[in-house]
Amino acid sequence: MKFGDLRGILQYVPQFRGRTFVIALDGAVLASSAFSDILLDLAVLRSLNIRVVLVHGAEFQIQRLAEKRGVILTSCNGIGVTDETTMEVSLDAITRVSSDIMQKLSALKIRAASANAIHAHPAGIRKGVDFGHTGEMEKIDGESIIGFLDQDILPVISPVGYHSAAGTLRLNSDAVAMETASIIDADKMIFMVRESLDPLFEKLGGRQITSAGAETFVSSQTDQADWSISKMEHAFEAAKHGIPRTHLISIEHEDALLAELFSNAGVGVMISDESYQRFREATPGDIDELMFILRRAVDSDKILRRSREELLAMLSDFILLEIDGNVVGCVAVHRGNDSSAAEIACMYVKNSHIGQGYGHLLLEEAVRKAAALGATQMFAISTQAIGFFELCGFSRKEALAEMPEARREKWETNGRNAVLLVKALD
Ligand SMILES: CC(C)(COP(=O)(O)OP(=O)(O)OC[C@H]1O[C@@H](n2cnc3c(N)ncnc32)[C@H](O)[C@@H]1OP(=O)(O)O)[C@@H](O)C(=O)NCCC(=O)NCCS
């Protein structure tokens, strides 16, 4: 990590303070060497006043225990049939996992409590098949969970539910995470898995999708054994229940949890219906940020130096590109009344975001603004982004008759030796 990264990280701290995240760890994650680091990451989140609820799975441990005992399971993920033997193995494995989590949290001096918060009833007989000890969630005691959080106690929730007559019932941990997040109005639900996300990125064609996109993905999958289906299914259910964002991350990526939460780019898949990326006009409150982000480009003579007063005077010309509430780039469109040509100026994308298409996006937005202002031509005066403008359809010119006189004089006399690039608007 570079020290400069700290600025980007700190931008998220006020946004996350007091928020509630439900983090669901697959059994395989708990069995991995990454688990100790994940617990340290949870401690980091809690130190930033993020309220964390942990939901754990145990499929991996149930399978291992069944192999060791030489028994055959009817199902190990809490969705299918849970017969007597499967229930016995599942309960033993889940109890061990839960106690292991508690022991590790206590070693980190994190106060935690395991809650019997889920009331369930037997799933019953479906299409003629008795689902045995598989449960269906009836009610989650959200008040108890919130009560723990209010006392700075980390609730740990296991994939089991309780019924007065049927006893303990096996539940699916993805469903438990989704229902828990929904009942306590969590701000985020985060699924952590061991599997690589690369095939999923490919299938989804990106890392951010809407809940409708997740639903379409689920209905188009033919391999029902694919682990990602359950995650995506519960992600779109979570969106329906008002959870703004669900993240799916893999421990294949080092420090996945913190990297996903504290960077714009992220490392996992985010399922959200919120607008994550937007353009907006600059306001006087943005002036310090603008001065800050443009300073480096000015220092290396990429952008013309402008005083605070000059920037304030042209503030309404600025378009800012915001990702997740953080400004990552800007561009200004100047159009004087006396000219049909609009100047594209102060085009800048933060170092952390260059080469990801944001420059093109900003320029497209600038073109829209120039056209809306009635310009018929655009020009840019550049020293070090000449190739970028050419890539975007601008051509080098010696002169432009429509350039405002004052601008032409400045260009010719300021000694920067910058190149004029022009593009006609359709
Ligand atoms: C110029 C700038 C805005 C481009 O932003 P970006 O987000 O990196 O650009 P994109 O990701 O949309 O486009 C990347 C493409 O542009 C090219 N490109 C980016 N900057 C370039 C430059 N300075 N010169 C030549 N080509 C450049 C890349 O090589 C890449 O080409 P490819 O698609 O063929 O691989 C950004 O590099 C920047 O802020 N530069 C410093 C400030 C500056 O010079 N501003 C111009 C003021 S007039």
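Which domains does the domain assignment of the protein chain give? It gives domain 1 (5-272) and domain 2 (277-424), with bounds that come from an automatic or database domain assignment. This is a predicted model, in which local features need pLDDT of at least 70 and side-chain atom pairs count only at pLDDT 80 or more, while totals for chains, interfaces and linings use all residues. Residues are numbered from 1 along each chain as its sequence is written.

**Domains**
- The C-alpha centres of domain 1 and domain 2 lie 46 Å apart.

**Helices α4 and α5**
- Helix α4 (residues 59-69) packs with helix α5 (residues 84-107) at an angle of about 125°, and their axes are 9 Å apart; axes are lines fitted to C-alpha atoms, for helices over the stretch in contact, and angles run from 0 to 180 degrees between N-to-C directions.
- Helices (H or I, at least four residues) and strands (E, at least two) are DSSP runs, numbered from the N terminus.
- α4 and α5 are therefore oblique to each other, a word for angles left over when those under 35 degrees count as roughly parallel, over 145 as roughly antiparallel and 65 to 115 as roughly perpendicular.

**The sheet**
- An open sheet of 8 strands, with mixed pairing, has the order β3-β8-β2-β1-β11-β13-β14-β12, where two strands pair if DSSP finds at least two bridges between them.
- Because β3 (112-114) and β12 (208-209) stand at the edges, each with a single partner strand, one side of each is left without a neighbour in the sheet.
- β12 is joined by 2 bridges to strand β14 (residues 269-272), and the two run parallel, with Gln-208 opposite Met-270 in β14.
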